[in-house]
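Good morning, and thank you for joining this group meeting.

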Amino acid sequence: MERERTTCCVVGGGPAGMMLGLLLARAGVEVTVLEKHGDFLRDFRGDTVHPSTLRLLDELGLGERFAELPARRLQEMRMHIDGTTVVAGSLRRIPGRHKYIAMVPQWDFLDLLAGAAAEEPGFTLRMRTTVTGLTTDRTGRVTGVTYADEHGARGELAADLTVACDGRDSRVRREAGLAPDYFDVPIDVWQVRVPAPRDPVKDGRVFLSVRDGQVAATMDRGDYYQTSYLIEKGADARLRAHGIEWFRDRLGDLLDWDREALRGIGSWDDVKLLEVTMGRLRRWYRDGLLCIGDAAHIMSPVGGVGVNLAVQDAVAAARVLAAPLRRGDVGVRDLERVQKRRWLPMAVTQASQRGEHETLLRPALAGTLRGDRLPLPLKLLQKVPPLRTVAGYLGGVGVRPEHAPGFACR
């Protein structure tokens with residue numbers, strides 16, 4: 001077995017892992033990112049880049065590179081509920097330069113971060129490398145990981161700190177004996193690309209439609225609409241017993257799309273299931289190991305905020321941990337500081353998502369949500385337009401947004 005060493009081992013090359021790797025490398029820390037896949041090309045990942053992340057890219061000197069990527073700009077969240085229209089959030093008047101969410105393929109975003117990180121001498125990205133376990137010393141402190149490469153060769157990578165950025169089903173979290181507390185959720189989600197003709201009602205918006213016990217949300221991606229159709233928790237197999245024409249009809253009725261355009265959904269193979277879970281760790285760390293992003297707090301897809309929250313976690317972690325890692329004395333108190341810094345934004349966001357589950361999505365799927373009997377938050381958004389900007393700020397920027405550490409700015 002090959003044995004190697006790095007200062008910080010980051011497991012997972014998603015938004016949190018790649019951002020953390022870039023920032024630590026710019027701080028002069030030797031960092032190795034392990035990614036089990038051979039590339040970043042995966043469908044239905046979070047493609048939303050929020051205003052606070054766009055500002056962060058500017059601070060890192062990457063704004064111009066990002067601007068060259070193909071993107072759509074979303075400025076508004078609009079709901080149609082049983083014939084009643086509600087503007088649930090607007091980014092047009094939020095503070096700052098970026099008054100929109102950029103819809104960019106996540107693989108392009110990750111390639112940008114990887115390219116910037118590769119310019120730093122202390123950065124290593126190893127693709128097709130699967131973490132198989134953790135190593136510990138006699139005190140129980142995590143000292144690194146074991147892994148297998150694409151050829152099945154096994155190795156061991158020792159590290160002063162291991163950071164789990166390997167998502168909602170984190171293997172590192174499980175191997176560390178850290179178990180999330182889960183919340184009840186009422187939904188699963190079917191995700192599908194719809195090559196529908198341009199629609200001025202939906203262009204430049206997140207658009208949600210509720211009617212007759214059905215819920216769908218769609219986002220403008222230019223040549224198609226990235227669409228989520230919500231189903232009751234656990235109902236996937238039962239509903240797929242219907243033919244695909246049944247689904248196309250329901251989607252067409254709900255979103256007012258022409259049936260001919262919906263023939264682009266050829267079979268159930270085009271409709272991907274996201275089994276929605278939501279939870280969080282009470283403690284994000286143990287000696288020698290830290291969890292961030294979905295490995296620490298599993299977010300609902302509501303609001304599309306998971307990527308932004310994970311990136312913000314990475315920035316906070318880099319700011320707190322860079323100096324201890326350079327000194328070689330990172331300890332439990334440093335890891336605790338990261339969790340304390342990021343707990344409030346996580347908790348507020350999850351509380352908001354749970355509220356939306358219970359006041360909007362559960363009654364919508366039950367067929368009891370009506371346009372003439374809107375829940376109080378939606379009534380207020382209808383009657384007090386400035387609240388739409390507040391909602392847009394909370395969704396697009398969030399609580400306690402992080403700025404790039406000085407050592408990482410270019």
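Strand 1, residues 2-11, pairs with strand 2 in the parallel sense, over 4 bridges. Please keep in mind throughout that this is a predicted model. Within that pairing, Val-11 has Leu-34 of strand 2 as its bridge partner. Strand 2 is also joined by 4 bridges to strand 8, residues 123-126, and these two run parallel. There, Thr-32 stands opposite Thr-124 of strand 8.

What covers the faces of strand 2, and which residues lie on each side? Strand 2 spans residues 31-34, and both of its faces are covered. Val-31 and Val-33 are buried on one side, while Thr-32 and Leu-34 are buried on the other. In general, side chains in a regular strand alternate between the two faces of the sheet.

Val-206, for instance, has Met-219 of strand 15 as its bridge partner.

Is Ser-90 buried or exposed? Its relative accessibility is 10%, so Ser-90 counts as buried. A polar atom of the Ser-90 side chain lies 3.4 Å from the backbone nitrogen of Arg-92.

I now move to the salt bridges. The count for this model comes to 34 salt bridges.

The side chains of Arg-5 and Asp-160 meet in a salt bridge at 2.3 Å, N to O. This pair links distant parts of the chain, with Arg-5 in strand 1 and Asp-160 in strand 11 (residues 154-164), 155 residues apart. Arg-5 has 52% relative accessibility and therefore counts as exposed, whereas Asp-160, at 18%, counts as buried.

The next pair is Asp-58 and Arg-97, whose side chains meet in a salt bridge at 3.2 Å, N to O. Asp-58 belongs to helix 2 (residues 51-59) and Arg-97 to the loop between strand 6 and strand 7 (101-103), so the pair ties together parts 39 residues apart in sequence. Asp-58 counts as partly exposed at 26% relative accessibility, and Arg-97 counts as exposed at 66%.

Arg-72 forms a salt bridge with Asp-220, with 2.7 Å between the closest N and O atoms. Because Arg-72 lies in strand 4 (residues 72-74) and Asp-220 in strand 15, the pair ties together parts that are 148 residues apart in sequence. Arg-72 is partly exposed, at 30% relative accessibility. Asp-220 is buried, with a relative accessible area of 1%.

Which residues are linked in a network of salt bridges? They are Asp-313, Arg-319, Arg-341, Arg-342 and Glu-402.

The surface also carries a nonpolar patch. Leu-376, Leu-380, Val-384, Leu-387, Val-390 and Leu-394 form it, with about 490 Å² of accessible area together. Helix 10 (376-383) and helix 11 (386-396) are the elements that give two or more residues to the patch. Helix 11 gives the most, with 3 residues. Val-384 lies in the loop between helix 10 and helix 11, and its 33% relative accessibility means that Val-384 counts as partly exposed.

Finally, I would draw your attention to two backbone angles. Asp-256 has a phi near 55°, a positive value in a residue other than glycine. Asp-256 is placed in the loop between helix 7 (244-255) and strand 17, and at 58% relative accessibility Asp-256 counts as exposed. Arg-400 also has a positive phi, of about 55°, although it is not a glycine. Arg-400 lies in the segment after helix 11 and, at 32% relative accessibility, counts as partly exposed.

That concludes my presentation, and I welcome your questions.

Key: Residues numbered from 1 in each chain as written. Predicted model: local features only at pLDDT ≥ 70, side-chain atom pairs only at ≥ 80, totals over all residues. Heavy atoms only, no water. Pairing = 2+ DSSP bridges. Patch = residues over 30% accessible without salt bridge, like charges linked within 9 Å, V, L, I, M, F, W, Y side chains within 5 Å. Areas by Shrake-Rupley, 256 points an atom, 1.4 Å probe, with all protein chains shown as cover. Salt bridge = Lys/Arg side-chain N within 4 Å of Asp/Glu carboxyl O. Buried < 20%, exposed > 50% of the residue type's maximum accessible area, 1.4 Å probe, protein only. Polar contact = N/O pair within 3.5 Å; in protein donor to acceptor, adjacent residues only side chain to side chain.
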